[in-house]
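Student: I would like to learn how to read a fold from its coordinates. Please take me through one case.

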Amino acid sequence: MSSGSTVNELSAHAAKTRAAGFTLLEVIVSMVLISLVGMAAYALINSSVANLGHIKEHLDRVQIVRNALAYMEQVNPMDDKSGTAELGPYKVHWKAEIVQPKVWNKNDSYYEVALYKTHVTVKEKGKTIEEFDVLQVGYYRRTK
């Protein structure tokens with residue numbers, strides 16, 4: 001064998017070896033790209049989980065207000081100008097102030113009515129959770 005054929009065999013062997021694997025630089029670049037994509041995915045998932053927690057807190061507060069409003073629909077501010085009621089772990093406090101004076105037409109109606117602005121506070125373990133105002137019609141049934 002001549003030295004020329006040995007060089008040709010070695011370069012053919014080196015070409016096969018190079019084609020079969022990755023260089024160190026290619027491996028490092030691919031690892032950097034994979035880690036960048038992984039960090040971006042982690043940041044996206046992390047912010048989604050944080051937003052989910054905020055949304056749950058907001059929905060819980062909305063449900064508390066809806067429950068308090070449902071209870072307040074049953075309250076007649078002309079009879080109960082202020083009061084407290086327990087709704088599960090929450091206490092609902094209210095105080096009504098007259099906005100529009102009482103109206104009663106003796107000839108046309110059995111009812112005396114007035115408009116009230118009711119301030120409602122929802123507390124849990126003494127801590128205020130929500131506060132809001134609601135306009136309500138107070139009524140009293142009279143005999144003609």
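Student: In what order do the four strands lie in the sheet, and is the pairing parallel or antiparallel?

Tutor: First, the ground rules. This is a predicted model, in which local features need pLDDT of at least 70 and side-chain atom pairs count only at pLDDT 80 or more, while totals for chains, interfaces and linings use all residues. Residues are numbered from 1 along each chain as its sequence is written, and side-chain values use heavy atoms, with hydrogens and water left out. Helices (H or I, at least four residues) and strands (E, at least two) are DSSP runs numbered from the N terminus, and two strands pair if DSSP finds at least two bridges between them. Here the four strands form an open sheet in the order S1-S2-S3-S4, with antiparallel pairing. Strand S1 (82-87) and strand S4 (127-141) stand at the edges with a single partner strand each, so one side of each has no neighbour in the sheet. On average, neighbouring strands of this sheet are turned by 25° against each other, direction ignored; axes are lines fitted to C-alpha atoms, for helices over the stretch in contact, and angles run from 0 to 180 degrees between N-to-C directions.

Student: How many bridges join S1 to S2, and how many join S2 to S3?

Tutor: Six bridges join S1 to S2, and in S2 the bridge partner of Glu86 is Lys91. Eleven join strand S2 (residues 90-103) to S3; there, Val103 has Val113 as its bridge partner in S3.

Student: Which residue in the turn between S3 and S4 has a positive phi?

Tutor: Look at the backbone torsion and at the residue type together. S3 and S4 form a hairpin with two residues between them, and Lys125 in the turn has a positive phi of about 55°, although Lys125 is not a glycine. At 81% relative accessibility, Lys125 counts as exposed (buried means under 20% relative accessible area, exposed over 50%, partly exposed in between, with a 1.4 Å probe and protein chains only). The S1-S2 hairpin also has two residues between its strands, and in that turn Gly88 has a positive phi of about 65°.

Student: Is Tyr116 buried or exposed, and what does Tyr116 touch?

Tutor: Tyr116, in strand S3 (residues 111-124), is buried, with a relative accessible area of 1%. Not counting residues up to four places away in sequence, Tyr116 touches a set of residues including Pro77, Met78, Ala96, Ile98, Val134 and Gly138. Pro77 is 39 residues from Tyr116 in sequence, yet the C-alpha to C-alpha distance is 6.9 Å. His119, also in strand S3, is partly exposed at 34%. Among the contacts of His119 beyond four places in sequence are His93, Trp94, Glu131 and Phe132. Across the protein, buried residues make up 17% of the 144 residues.

Student: How many salt bridges does a search of the whole structure find?

Tutor: Side chains of opposite charge can pair when their charged atoms come close. A salt bridge is a side-chain nitrogen of Lys or Arg within 4 Å of a carboxyl oxygen of Asp or Glu. The search finds four. One of them joins Arg61 to Glu130, with the closest N and O atoms 2.8 Å apart. That pair links helix H2 to strand S4 across 69 residues. Another joins Glu112 and Lys102 at 3.9 Å. Glu112 lies in strand S3 and Lys102 in strand S2, so this pair ties together parts ten residues apart in sequence. Glu112 is buried at 8%, whereas Lys102 is partly exposed at 47%. Asp133 and Lys117 form a further one at 3.8 Å.

Notes: Contact means heavy atoms within 4.5 Å.
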